[in-house]
Amino acid sequence: MMLRKAEETGEQDLKNRILEMMALDNSDPMGAMVNGLAEEVIGACATLHAAADPARIVFEAVNRDDATATSFPYADGSCRVVITDGLISMIYYLCVLWAWSLDPEQRQGPSPESALRRLICPWENKKRTEQVHLSAALLRYHHVHHRVFGKSAKLEVFLEEEYLKLADMLQSKALQFILAHEVAHFMLGHRNLLALRNAAEVEASRRQEQEADRAAVSIMNAMTTKRPKSGRGLVDLITARSSSRGLNFINLVGIVIAMTGLHTVETALFLRRSHVHLKPAERIDQLAVVASRLNVQGVNRVFGDLLSVTDLACDTSAALPRDWWQAAFTNPRVSKATHSTEYLNSVIGLDGFHSCPAEKAEAFLRRCFADDGMSDADAALDELLAGSAAAFFRRLGITDAVFDPMLDRMRPLTFHTVQDEIFRSPALRQYESFTSRRIASVVLTRLLELRPDTLG
Ligand SMILES: [Zn+2]
């Protein structure tokens, strides 16, 4: 129809453009990537000897900010595996940060050997610590945005082509591990334990997670890694270090980054988690038990910095030091996009609010509510400090229907979900200033985070 219109009006340019788009099929690029990666995973599934038919799995990339992957097995023997954009982009970001850490300078001209040396023998100098701090600030930037605005914002990092190629390859491997883990749940006949109702289910879920991890490693091992002919690029050099049998190096890097991606999201963004993924270090220890070729010390050497970065970014017991932020914002490889200095400074400020210690948070709110005549909010604060979340929400004017699901201890709950309800509550809407309202809702949620028992 559109094409005929273009022909009628004699718009050759327009017609060509439509033909180009038709040739591209205009399909969802994320979905296409996930399905391409899943094909290899399915091909390697034969090793599992399970009764389920992997050909009956449908893979889907969904446009959501939360970072999760889940499998939904159906009674008719089919299954849907879903992975969110949030997780895909978080994993890519960690791949970029890891590739960058191999050579922060990235001098002009290819010098992949220096990056490789870094892998074998990490530096012990100031530069390395600085790199960890600025990467932690970049990751925290994402976490602050998610907790405050519910958005997965990230500042782009520019890398030389060799390092970008490496990040691309690692992303594929990390996503394949996640898909393999979900496929394994289905193949092994696991139940989908989205809400854990009792200790027995928590235990069952932990066992399932470990089984799925182990099976996913076998699937990864069964996938062949293309060996380079004689390339001198970073990707070729690293692939050449990967053995063709057993847990090879590239797969291992992908697996650790996948685990770290899920972990950083679960730890930093959730007030309550339902999933019982173990910490990456624990998961690696578990895998070492079954994979005799897995050298845990070697893993720690290669990933020590990446694990430090995620630990520092997730540790909301204090705001990050200002000089870490400055190092990140002024680094020439970090894109500031269109952000003004004022905006970036406001993120540093928000970091202070969302990781405020309890006493400071309480004193701050008391003063603000008194100065601004916010008596309802002040009364709500009394209830919160007395330990009753239900009374707190009611005082804010939030209805039972809205807050009841938030108090269900079997459901996962993000920092932002709670913060947003408080932000939109009738009590805080008395604030004229949008910013004051936002800050008050962030600090109130922070107090709830510091008193996890209050939320049930
Ligand atoms: Zn799982």
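Figure 1. Strand 2 is joined to strand 3 (residues 79-84) by five bridges, and the two run antiparallel; strands are DSSP runs of E of at least two residues and helices are DSSP runs of H or I of at least four, both numbered from the N terminus, and two strands pair if DSSP finds at least two bridges between them. Within this pairing, A69 stands opposite I83 in strand 3. The model is a predicted one, in which local features need pLDDT of at least 70 and side-chain atom pairs count only at pLDDT 80 or more, whereas totals for chains, interfaces and linings use all residues. Residues are numbered from 1 along each chain as its sequence is written.

Figure 2. The open sheet has three strands in the order 1-3-2, with mixed pairing. Its edge strands, each pairing on one side only, are strand 1 (57-62) and strand 2 (69-73), and the twist averages 20° from one strand to the next, with axes taken as lines fitted to C-alpha atoms, for helices over the stretch in contact, and angles running from 0 to 180 degrees between N-to-C directions. Helix 3 (residues 29-43) packs on the sheet, where it touches strand 1 and strand 3, and its direction makes about 145° with that of strand 1; residues are in contact if their C-beta atoms, placed from the backbone, lie within 7 Å. Helix 4 (residues 85-102) also packs on the sheet, touching strand 1, strand 2 and strand 3, and its direction makes about 55° with that of strand 3.

**Figure 3. The packing of helix 10 against helix 12.** Helix 10 (residues 249-269) and helix 12 (residues 296-314) pack at an angle of about 15°, with their axes 10 Å apart, and helix 10 is therefore roughly parallel to helix 12, a term that applies to angles under 35 degrees. Residues making the contact include L252, V256 and T260 of helix 10 and V299, F303 and L306 of helix 12.

**Figure 4. The surroundings of V253.** V253 lies in helix 10 and counts as buried because it has 25 C-beta neighbours inside 10 Å, the cut-off for a buried residue being 20 or more other C-beta atoms within 10 Å of its own. Leaving aside its neighbours within four places in sequence, V253 is in contact with L170 and K173. V253 and F303 are 50 residues apart in sequence, and their C-alpha atoms are 8.4 Å apart in space.

How values were computed. Contact = placed C-beta atoms within 7 Å. Parallel < 35°, antiparallel > 145°, perpendicular 65-115°, else oblique. Buried ≥ 20, exposed ≤ 12 C-beta atoms within 10 Å, placed from the backbone.
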